[in-house]
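Here's a walk through one model, put together for someone who likes cut-offs spelled out. Have the viewer open as you read.

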Amino acid sequence: TGLVVAMDGPSGSGKSSVSRGAARALGLRYLDTGAMYRAMTWWMLQQGVDLADPAAVAARCGEPAIVSGTDPDGPAIHVDGVDVAEPIRRAEVTGAVSAVAAVPEVRARLVALQREIIGAGDIVVEGRDIGSVVWPRAAVKIYLTASAQARARRRSAEVAGSTVEAQQEAMARRDTLDSTRKTDPLSMAAGAIELDTTALTLDEVVAEVLRLVKE
Ligand code: ADP
Ligand code: CDP
């Protein structure tokens, strides 16, 4: 199989920006697995599924057709033919996605889809469990981190009308859910290289990733 770069880390560490920048520079495809969990969550909300009931989520998670694009310049995501790139970023989805992503049946389904896409060849893949679970044989595994404050500052700069404090609180809640769930929690994979981006610019982080890939 081709060159697979696994990019994991908590929310706001820079996974999307860094993965897209690196994929563009290297001429690789790009997969945002977080967008797939968001798309599943968007569909569940749309259907009125009770997200506090894991059995209800498990029972319905095979229904939506989730299709991910792999172009780093314009990552597309469709659910049953509907473009959901915009609605999956809404606060309603962000607040609910960790509960949906904790359901083992949801993960089994999305991980299978992810492996199909990755298996087709050269790609940068971002998520929480790419180096540990989805593709442990990735040639390069990177674990991005940044201080909780830096991550919250970055996210609040992107989201209109949000304070750093509110972002930090929401992120801390999601990080806790993501790293304490029973199935495939966020954790640093064996063989991963940790990259702390707190004091770096985006360009510096991308340059470091390119260096690690070319090594
Ligand atoms: P994640 O996918 O991990 O949630 P994103 O890439 O979506 O992270 O968000 C990171 C945000 O922080 C982007 O707006 C990016 O431009 C900004 N940013 C600022 N400095 C850095 C850095 N050193 N590394 C990565 N992103 C940075
Ligand atoms: O962009 P941000 O880091 O805020 O989140 P995301 O990458 O879009 O991921 C959204 C959510 O999906 C995470 O908080 C996790 O609950 C879940 N997720 C996951 O469980 N496994 C992955 N490989 C990717 C995302």
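## Ground rules

This is a predicted model, so local features need pLDDT of at least 70 and side-chain atom pairs count only at pLDDT 80 or more, while totals for chains, interfaces and linings use all residues. Residues are numbered from 1 along each chain as its sequence is written, and chains are lettered from A and ligands numbered from 1 in the order in which they are written.

Two strands pair if DSSP finds at least two bridges between them.

## The five-stranded sheet

Start with the open sheet of five strands: reading across, the order is β2-β6-β1-β7-β8, and the pairing is parallel. Its edges are β2 (29-32) and β8 (193-196), each of which pairs on one side only. From one strand to the next, the twist averages 20°; for angles like this, axes are lines fitted to C-alpha atoms (for helices, over the stretch in contact), and values run from 0 to 180 degrees between N-to-C directions.

Now for the individual pairs. β2 and β6 (residues 123-127) run parallel over four bridges, and D32 sits opposite E126 in β6. β1 pairs with β6 over five bridges, also in the parallel sense, with D8 facing G127 of β6. To β7, β1 is joined by four bridges, again parallel, and M7 stands opposite I142 there.

β1 is also well covered: five of its five residues are buried. A residue counts as buried if 20 or more other C-beta atoms lie within 10 Å of its own, exposed if 12 or fewer, and partly exposed in between, with C-beta atoms placed from the backbone. That cover is on both faces, with V4, A6 and D8 buried on one side and V5 and M7 on the other.

Helix α9 (residues 202-214) lies across β1, β7 and β8, at about 160° to β7. Contact here means C-beta atoms, placed from the backbone, within 7 Å.

β4 (residues 77-79) and β5 share two bridges, running antiparallel, and H78 has D83 of β5 as its bridge partner.

## The core, and a partly exposed alanine

The largest nonpolar core has 52 residues, and A39, M40 and V125 make the most contacts inside it. Such a core is a set of buried Ala, Val, Leu, Ile, Met, Phe, Trp, Tyr and Cys residues joined through C-beta atoms within 7 Å. Helix α2 (residues 33-47) supplies the largest share, eight residues. Beyond its neighbours within four places in sequence, V125 is in contact with V4, A6, M7, L31, T33, I118, I130 and W135.

A58, in helix α3 (residues 54-60), counts as partly exposed because it has 15 C-beta neighbours inside 10 Å. Which residues does A58 contact, leaving aside its neighbours within four places in sequence? They are V103 and E105. A58 and V103 are 45 residues apart in sequence, yet their C-alpha atoms are 6.6 Å apart.

## The two ligand sites

Ligand 1 has 16 residues around it, with G14, K15, S16, S17 and R154 coming nearest; a residue qualifies if its C-beta atom, placed from the backbone, lies within 6 Å of the molecule. The elements giving two or more residues to this shell are α1, α7 (148-158) and α9, and α1 gives the most, with four. By class, the shell has four nonpolar, nine polar and three charged residues. Ala, Val, Leu, Ile, Met, Phe, Trp, Tyr, Cys and Pro count as nonpolar, Asp, Glu, Lys and Arg as charged, and the others, Gly among them, as polar.

Around ligand 2 there are 15 residues, the closest being S11, G34, Y37, A101 and G127. Here α2, α4 (91-101) and α8 (164-180) are the elements that give two or more residues, and α2 gives the most, with five. This shell has four nonpolar, six polar and five charged residues.

Definitions and conventions
Two residues are in contact if their C-beta atoms, placed from the backbone, lie within 7 Å.
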